[in-house]
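Please load the model in a viewer and follow the selections below in order. Each stop names what to select and then describes what is found there.

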Amino acid sequence: MLSTVLLGAAAVMAGVANAQVTATGTMGVTNPTAASLGTAVNMSSYARLLSLNAIDDFCVFAPPETGSTIGDTEAIQVAWCVQPRNDARVIPDGTLSAVHFVRTPLYWQVQGFGDFTRMNIAEGDEGGELDPHGATGDGNPVGGNVTCNATGSDVSYEEWMNYMSYQQFCLRICIAENSTYSAAIECQHTLDEMGCAWVMPGDYTNGTFTDCEADSAYPPGVYPLANGTTSTFAQRYTGSYTNSGTLAYWTIGYTSTPQTAASTPASSSCTTYSTVSNGIPTAALTSGAYFTYTPGMTFTDLPTTTESASTVIESALTDSAGATTGTAQVTVAATDAAAVSASSSTAASAGHAVFAPSTGLVAGAFSVLAALAGVGAVML
Ligand SMILES: *[C@@H]1O[C@H](CO)[C@@H](O)[C@H](O)[C@H]1NC(C)=O
Ligand SMILES: *[C@@H]1O[C@H](CO)[C@@H](O)[C@H](O)[C@H]1NC(C)=O
Ligand SMILES: *[C@@H]1O[C@H](CO)[C@@H](O)[C@H](O)[C@H]1NC(C)=O
Ligand SMILES: *[C@@H]1O[C@H](CO)[C@@H](O)[C@H](O)[C@H]1NC(C)=O
Ligand SMILES: *[C@@H]1O[C@H](CO)[C@@H](O)[C@H](O)[C@H]1NC(C)=O
Ligand SMILES: *[C@@H]1O[C@H](CO)[C@@H](O)[C@H](O)[C@H]1NC(C)=O
């Protein structure tokens, strides 16, 4: 039996001669040079750097513009993070309805549910898969890069996969490999029609937030057999070609699909949380917003979507000591997007307010951009 297993392992490794764990490529041009916590919130960001460090410190990819399908925007998706980090957009509190984070020997993974229409995914879009192997070889999205601090510092890994739909997400970053399973096999990216629970088995309970250690799952599509070997499922692909003017078809993959993953790995040392959050008022996270958030900072009189036309709204930004560090003023001219405009900025004694351009906002939404003391004004 042992020799059978080893033969199987050799066969798996032979198929992934270029397998590697840590990344050697380049950082995407729209990304910061390295992952870091506490960067400014930029709701127009095109940064594509994900980090997966904790149940309340991770990022996923989602479209830059509202109402987009994943399939149509794979190459241009941007990073959205629970905390302000990596110069990325911030996931508004309340978006995530379940988060399950597992740390395993071969990968770290997070999965769950949420209302991802709040992160620009079209209502009802069953979504798709993001990974570092896009059609151009540059990854989907192009320039996508991931880090994980499993080793105690931020390391950039080569193999990862992130499935997104309008209501479900999962992200796996492969941080190690052994002689049985390479990182490329454990983060196998060719099964994009299978969905989260099939590719990344784990806890998919909605409404709960857990952080656990777990065994590594069998790689996606790998099933143990009674005689000690494994069988590997391949997603079915059909294509066509022309042979001397005659249209012909080729097909690879299996005709019948196993209904579930081989098993759900056992987990242990779980901690349950009531939610994950960043504490930033969601009204401050509108399209175009840019500000530096410090915990404890409050926003007074933020715009609401029910303000009537011509209302002037002034929002004071107050730091944790209660000092006003900036103000922002917007005039609501009408209910349609183009007419919601920033009228003027009021420089507070210790800071400046800045506003987004009036175009590109969703109807009824507002942008408040405030640079805090010492940052200076930024006119966009
Ligand atoms: C991500 O960027 C880092 C830092 O530049 C780089 O070392 C790494 O190879 C990049 N990752 C990929 C997958 O190219
Ligand atoms: C916000 O992100 C966009 C796109 O990455 C960038 O062009 C812009 O300069 C950023 N805003 C600020 C104020 O840094
Ligand atoms: C990894 O990141 C998490 C979340 O930011 C942090 O709490 C933790 O201390 C970091 N781990 C290490 C080993 O640096
Ligand atoms: C998960 O729970 C939230 C909150 O109850 C709910 O709105 C959402 O529809 C649920 N998602 C799924 C996929 O059932
Ligand atoms: C590699 O890791 C997997 C998952 O943890 C495990 O089942 C397998 O036995 C490991 N192989 C070796 C040679 O340690
Ligand atoms: C193990 O079982 C599978 C499925 O029955 C079979 O196809 C395969 O040949 C067997 N392998 C060995 C080494 O017995």
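Begin with ligand 3 in this predicted model. Its surroundings consist of Leu37, Asn53, Ala54, Asp57, Asn149 and Gly152. Sorted by class, this shell holds two nonpolar, three polar and one charged residues.

Next, select ligand 5, around which lie Pro105, Leu106, Asn178, Ser179, Thr180, Tyr181, Asp215 and Ser216. The shell of ligand 5 comprises three nonpolar, four polar and one charged residues.

**The nonpolar core**

Now display Leu52, Val60, Ala79, Trp80, Met164, Ile173 and Cys174 together. These residues have the most contacts inside the largest nonpolar core, which has 70 residues.

Setting aside neighbours within four places in sequence, Met164 is in contact with Val60, Phe61, Ala62, Ile70, Phe116, Ile121, Gly127, Leu130 and Phe169. Val60, one of these contacts, also belongs to the group with the most contacts inside the core.

To locate one bridge, select Cys148 together with its partner Val155 in S10.

**Backbone features**

Most residues other than glycine have a negative phi, and most peptide bonds are trans. The remaining stops concern departures from this pattern.

Select Asn140 and Pro141, which are joined by a cis peptide bond with omega of about 0 degrees. Pro141 is located in the loop between strand S8 (128–130) and strand S9 (145–148).

Move to Asn120, in the loop between strand S7 (107–114) and S8. Although not a glycine, Asn120 has a positive phi of about 75 degrees. Is Asn120 buried or exposed? Asn120 counts as buried because it has 21 C-beta neighbours inside 10 Å, and the threshold for burial is 20 or more.

Finish at Ser269, in strand S18 (residues 267–273). Ser269 is likewise not a glycine and has a positive phi, of about 50 degrees. With 9 C-beta neighbours inside 10 Å, Ser269 counts as exposed.

Conventions. Residues numbered from 1 in each chain as written. Chains lettered and ligands numbered in written order. Predicted model: local features only at pLDDT ≥ 70, side-chain atom pairs only at ≥ 80, totals over all residues. Near = placed C-beta within 6 Å. Nonpolar A, V, L, I, M, F, W, Y, C, P; charged D, E, K, R; others polar. Helix = DSSP H or I, 4+ residues; strand = E, 2+ residues; numbered from the N terminus. Buried ≥ 20, exposed ≤ 12 C-beta atoms within 10 Å, placed from the backbone. Core = buried A, V, L, I, M, F, W, Y, C linked by C-beta atoms within 7 Å. Contact = placed C-beta atoms within 7 Å. Pairing = 2+ DSSP bridges.
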